[in-house]
Amino acid sequence: QMELVESGGGLVQAGASLRLSCAASGSERTFSSYAMAWFRQAPGKEREFVAGVDWAGGSPQYADSVKGRFTISRDNAKNTVYLQMNSLKPEDTAVYYCAPERVGRTGVYDNWGQGTRVTVSS
């Protein structure tokens, strides 16, 4: 299991920006072995995919709700994945989690950190 520590959340007003970070450690495989993704869970809702990136930082994918506003990136030298969030909206309010995609199991994410809370006020 990889240890994941998310940070960078906070309380902001609509239209503001935040940059989330996720530091990974403790995996038997190197960090660059994994595609990584960000998910979020709003109060009373299911956890949902936000953005994903392949092992090299390419092929970014985004949920329709965040396209054009959020950017996912990674620094394999620092074992860290980022989520730049611009033009935040109240509906972006959620706890944000990063997760590695299981090697050889496309779309399977089952290793979670504690998350970082983002609250966007209107």
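Tryptophan 112 is partly exposed, with a relative accessible area of 30% (buried means under 20%, exposed over 50%, partly exposed in between, with a 1.4 Å probe and protein chains only). This is a predicted model, in which local features need pLDDT of at least 70, side-chain atom pairs count only at pLDDT 80 or more, and totals for chains, interfaces and linings use all residues. Residues are numbered from 1 along each chain as its sequence is written, and side-chain values use heavy atoms, without hydrogens and water.

Arginine 47 lies over the face of tryptophan 112, at 4.0 Å from the ring centre (a charge sits over a ring if NZ of Lys or CZ of Arg is within 6 Å of the ring centre and within 35 degrees of the ring normal).

## Aromatic pairs

There are four aromatic pairs (rings of Phe, Tyr and Trp, the last by its six-membered ring, with centres within 6.5 Å; planes under 30 degrees apart are stacked, over 60 edge-to-face, the rest tilted).

Tyrosine 97 is buried, at 12% relative accessible area.

## The disulfide

The structure holds one disulfide (cysteine sulfur atoms within 2.5 Å). Cysteine 22 and cysteine 98 form it, with their sulfur atoms 1.8 Å apart. Cysteine 22 is buried, with a relative accessible area of 0%, and cysteine 98 is buried, also with 0%.
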